[in-house]
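The following note concerns the pocket lining and the aromatic contacts of the model shown below.

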Amino acid sequence: MKALLAVVLFSFLTNTINWQLNFDQAKTEATQTHKLILLNFSGSDWCGPCIKLKKTIFESDEFNQFATDNLILVRADFPRLSKNQLDAKQTAHNEALAEKYNRQGKFPLTVLLNAEGKVLKEWDGYPQSMTISSFIESIQAVRLATK
C-alpha cells in the first residue's frame, strides 16, 4: 500500500506535459480534442533565452495545468552539440516546420496555431516582461476570440 501511494504521489509531483515531436500527429489530436497547438522552436543546448523560457514558463506547474486542458504542445528543437543531435528524420521534420513557420530562424519562437495549422499568434524571443500568467492570458484571449 505504501509503495502504491509513493508511486501515485511521485507521478503527481512530476506531472509534466510531454511535448510532441510530430506536427501532423499534433494536428490530428488538436482536431479531435478541440485544442490549439503551441509550437516552440528551440535551440535546447545553445540558446540561452530558449533554455530560460523552457525552465521558467514551460516547466511551471501553472503552465502545465493550463496546457493539459487547452493545448497540444510541439517542440521543434535545433541542438548544436553532437551529443544532442536528433536523428535525420526528426531533423528533416523540424526543418520543414521551420521552413513553414520560422523562415527567419528566430530562437526562441513560439507559435500558437489552430488545428489546421493556421497561425493565430507568435511570441518572438523571451521578453523580460513575460510571466507565466501573462503568457497564459494571451493564449486565453486568442482562444476566446477564435470560438
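**Pocket and aromatic contacts**

1. The lining of the largest pocket comprises three nonpolar, five polar and four charged residues (Asp, Glu, Lys and Arg count as charged; Ala, Val, Leu, Ile, Met, Phe, Trp, Tyr, Cys and Pro as nonpolar; the others, Gly among them, as polar). The model is predicted: local features need pLDDT of at least 70 and side-chain atom pairs pLDDT 80 or more, while totals for chains, interfaces and linings use all residues. Residues are numbered from 1 along each chain as its sequence is written, and side-chain values use heavy atoms, without hydrogens and water.

2. The volume of this largest pocket is about 200 Å³. Its lining includes His 34, Asp 69, Arg 143 and Lys 147. Helices H2 (23-33), H4 (61-70) and H6 (132-146) each give two or more residues to that lining.

3. Eight aromatic pairs are present (Phe, Tyr and Trp rings, the six-membered one for Trp, with centres within 6.5 Å; planes under 30 degrees apart are stacked, over 60 edge-to-face, the rest tilted). Phe 78 and Phe 107 form an edge-to-face pair, because their ring centres are 5.6 Å apart and their planes lie at 75°. One aromatic cluster consists of Trp 19, Phe 58, Phe 63, Trp 123 and Phe 135.

4. Two charges sit over rings (NZ of Lys or CZ of Arg within 6 Å of the ring centre and within 35 degrees of the ring normal). The charged end of Arg 75 is 4.0 Å from the ring centre of Trp 19, and that of Arg 80 is 3.6 Å from the ring centre of Trp 46.

Note on methods: 1 Å grid on protein atoms, 1.4 Å probe; cavity = no way out; pocket = protein on both sides within 12 Å on 5 of 7 lines; lining within 4 Å. Points joined across faces, edges and corners; volume = space filled by probe spheres on them. Helix = DSSP H or I, 4+ residues; strand = E, 2+ residues; numbered from the N terminus.
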